[in-house]
Amino acid sequence: MDKNNDIIQQALDDRIDAFIRGMMTEEEETAFKQEIQADPELRAHVLATVSLIKGIRTQNAEKERTLIQTHKKDRIRTLVWWATSIAAVFAIFFGYSKDKRHNELSALVSPYYTEYSMDEYARGDIDSIKVANLYTLFNNIQKQRHVSKYISELEPIYTSLEHDFTYSAYANDIALNLALAYIKDDQADKAIPILEKLEKDNPDTPIATKAEELLLILRE
């Protein structure tokens, strides 16, 4: 069984290598891209391979090993490498163009989005129509290319949180999605104070971890 698994893994590694080196036929490359988009595990494997290649090319292995002194530092390093690797995969898929910056920013924030669905709505503190509109806004920030319109809709809601408790149960979601929208819109300077506040106000929570990781990437 182990031998069969090794054979299957080697075949997959060979396909990934051929894809990255541009050695596939047009038909093979198209089919493999579809597999990558449909299979998160395969996509992660490709990203990890790209990351490894980038590490070798930049000859920073010794420097990185020095920085990895704790598990936390190792996690941060991995996240930074993944952010740059995802951008590299975008370049493989679409080529360098005037959209390169947008692709890089979209790739940077993509691991931090949450898919919002009314099926999971159970907080009950505001009416369902307001929640549905809020969820639609969050999902549009994730999926739409141009987000300036959604920023203008979310900014007054975020600003009102200090004196209006209507959306208090969703304060962290609102803050995080506004920060992600700013980053996607190439306005990192506006995202940073929001992320700093999220990290400060929610110590030792998953959302604070997200904020910390994004801040580290933005300050690189």
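Biologist: Which way, left-handed or right-handed, is the crossing in which helix 7 passes helix 9?
Modeller: Helix 7 passes helix 9 in a left-handed crossing, where left-handed means that the near helix is turned anticlockwise from the far one by less than a right angle, and right-handed that it is turned clockwise. This is a predicted model, in which local features need pLDDT of at least 70 and side-chain atom pairs count only at pLDDT 80 or more, while totals for chains, interfaces and linings use all residues. Residues are numbered from 1 along each chain as its sequence is written, and side-chain values use heavy atoms, with hydrogens and water left out.

Biologist: And which residues of helix 7 and helix 9 make the contact?
Modeller: From helix 7 they are Leu134, Phe138, Ile141, Gln142 and Lys143, and from helix 9 they are Asp173, Ile174, Asn177, Ala181 and Lys184, with contact meaning heavy atoms within 4.5 Å. By class, this contact of helix 7 with helix 9 has five nonpolar, two polar and three charged residues; Ala, Val, Leu, Ile, Met, Phe, Trp, Tyr, Cys and Pro count as nonpolar, Asp, Glu, Lys and Arg as charged, and the others, Gly among them, as polar.

Biologist: At roughly what angle do the axes of helix 7 and helix 9 cross?
Modeller: The axes of helix 7 (residues 128–143) and helix 9 (residues 171–184) cross at roughly 25° and come within 10 Å, the axes being lines fitted to C-alpha atoms, for helices over the stretch in contact, with angles running from 0 to 180 degrees between N-to-C directions. Helix 7 and helix 9 are therefore roughly parallel to each other, given that angles under 35 degrees count as roughly parallel, over 145 as roughly antiparallel, 65 to 115 as roughly perpendicular and the rest as oblique.

Biologist: Staying with helix 7, which of its residues are buried?
Modeller: Val131, Leu134, Tyr135, Leu137, Phe138, Asn139 and Ile141 are buried in helix 7, where buried means under 20% relative accessible area, exposed over 50%, and partly exposed in between (1.4 Å probe, protein chains only). These buried residues pack against helix 8 (148–160) as well as helix 9. Ser128, by contrast, is a helix 7 residue that counts as partly exposed at 40% relative accessibility.

Biologist: How many residues does helix 7 have, and what does it reach from first C-alpha to last?
Modeller: Helix 7 has 16 residues and reaches 22 Å, close to the 22 Å expected at 1.5 Å a residue; the expected span is 1.5 Å times one less than the number of residues.

Biologist: Now helix 6. At about what angle does it pack with helix 9?
Modeller: Helix 6 (residues 100–109) packs with helix 9 at an angle of about 155°, their axes being 8 Å apart. That makes helix 6 roughly antiparallel to helix 9, and the crossing of this pair is right-handed. Helix 6 brings His102, Leu105, Ser106, Leu108 and Val109 to the contact, and helix 9 brings Leu180, Ile183 and Lys184. Of these contact residues, five are nonpolar, two polar and one charged.

Biologist: What about helix 10 and helix 11, how do their axes cross?
Modeller: The axes of helix 10 (residues 188–201) and helix 11 (residues 206–218) cross at roughly 145° and come within 9 Å, in a left-handed crossing. Ala188, Ile192, Leu195, Glu196, Leu198 and Glu199 in helix 10 meet Ile207, Ala208, Ala211, Glu212, Leu214, Leu215 and Leu218 in helix 11. The classes in that contact are 10 nonpolar, no polar and three charged residues.

Biologist: Where is Asp204 found?
Modeller: Asp204 lies in the loop between helix 10 and helix 11, with a positive phi near 60° although it is a residue other than glycine. Most residues other than glycine have a negative phi. Asp204 counts as exposed, at 82% relative accessibility. Asp186 has a positive phi too, of about 65°, and is not a glycine either; Asp186 sits in the loop between helix 9 and helix 10 and is partly exposed, with a relative accessible area of 43%.

Biologist: Stepping back, how many helices and strands does the protein have?
Modeller: The protein has 11 helices and zero strands, counting as helices DSSP runs of H or I of at least four residues and as strands runs of E of at least two, numbered from the N terminus. Of its 220 residues, 34% count as buried, and residues 24 or more positions apart account for 58% of the contacts with a separation of 6 or more.
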